[in-house]
Amino acid sequence: MDILDNKWYFDEVKAVLESLSPDDYPETYGYLKAVVEVNEEVEDDEIVADAFDVATNLTQLDAGIDWTPELIDLITHLYTYEIDNQNADAMNDLGAQYYDGNRGFEQSFEKAIEYYQMASDLGNRQAQENLGYCYYYGRAGEPDYEKAFNYFALGAFDDHIISLYKIGDMYYNGYYVKKNLAEAFTIYCHCLNIMTDVAARMAAGPVYLRLAKCYFYGYGVEKDLMSALSCYQQAEFYLTKMVIEDGDYMYKKSLDGAIKGQQKVREELAKQMPPKDWID
């Protein structure tokens, strides 16, 4: 169980616990209650720094339920404490909260980029990947595809699958590099070949959705409706888990695309059905 090394933050944890309803936040309430109990039992010379773990765990509990203002303040303060101690992961994770703006957290791309840059300067690969997103989509103003490509390349070299499929997107769209649909398709396939169970939680849905479009339209590969249907179905499965279980609401549009894509494939397949009715 996590132990806090700062009495001020520990007092804040207790205050937040008292403000929570165990019915509305069963996982969060139980976790904070355990944290308080453990911290009340330890001696001062046994206390270790683990504010980052507490903040990280809080972001993963009671998924899909908006945080109270007290919880948001606690998460922010815990990350800030670790940032003051040069924790690059805390910089990246707090930046991610501002980028996503989920569960009642303020959305601010400016603050997100600020924290991502701090973490990137310390060599944090995830932050560099996140900066790639910011420049790819113009979160800092106008898109800067050269910067986006360079940041994604850093992650791709370490087999960060999201960075890798975004490099594929740049070949798919011809952003900064010459458009090459075959290269994009090859990169998407490579993403699946190196996909781990952990990575699948975050990347399998988007990768399958991209492959489905390639197969459906014949982009970079021979058109294959059955492969397109299979990929759309896999995309729907993983994207549904991302949206419902993980609260990644920014992927709701992608999920809708996976569902509508299946309908398009079925309409095309229907044209290939035998003209006569089946005889039982």
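Helix 6 and helix 7 cross in a left-handed sense (the near helix is turned anticlockwise from the far one by less than a right angle; clockwise would be right-handed). By class, the contact of helix 6 with helix 7 has 6 nonpolar, 4 polar and no charged residues (Ala, Val, Leu, Ile, Met, Phe, Trp, Tyr, Cys and Pro count as nonpolar, Asp, Glu, Lys and Arg as charged, and the others, Gly among them, as polar). The model is predicted, with local features needing pLDDT of at least 70 and side-chain atom pairs pLDDT 80 or more, while totals for chains, interfaces and linings use all residues. Residues are numbered from 1 along each chain as its sequence is written, and side-chain values use heavy atoms, without hydrogens or water.

Helices here are DSSP runs of H or I with at least four residues, numbered from the N terminus. From helix 6, I113, Y116, Q117, A119 and S120 meet A127, Q128, N130, L131 and C134 of helix 7; contact means heavy atoms within 4.5 Å.

The largest nonpolar core has 89 residues, and L32, L58 and Y165 have the most contacts inside it. Such a core is a set of buried Ala, Val, Leu, Ile, Met, Phe, Trp, Tyr and Cys residues joined through side-chain atoms within 4.5 Å. Helix 11 (residues 197-217) gives the most to this core, with 12 residues.

Beyond its neighbours within four places in sequence, L58 touches T28, Y31, L32, W67, L71, L74, I75, L78 and R103. One of these partners, L74, lies in helix 4 (residues 69-84). L74 counts as buried because its relative accessibility is 0% (buried is under 20% relative accessible area, exposed over 50%, partly exposed in between, with a 1.4 Å probe and protein chains only).

L20 sits in the loop between helix 1 (7-19) and helix 2 (26-41). At 7% relative accessibility, L20 also counts as buried. Outside four places in sequence, L20 contacts Y25, T28, Y29, L32, T68 and L71. L20 and L32 are 12 residues apart along the chain, with C-alpha atoms separated by 9.8 Å.

Conventions. Helices (H or I, at least four residues) and strands (E, at least two) are DSSP runs, numbered from the N terminus.
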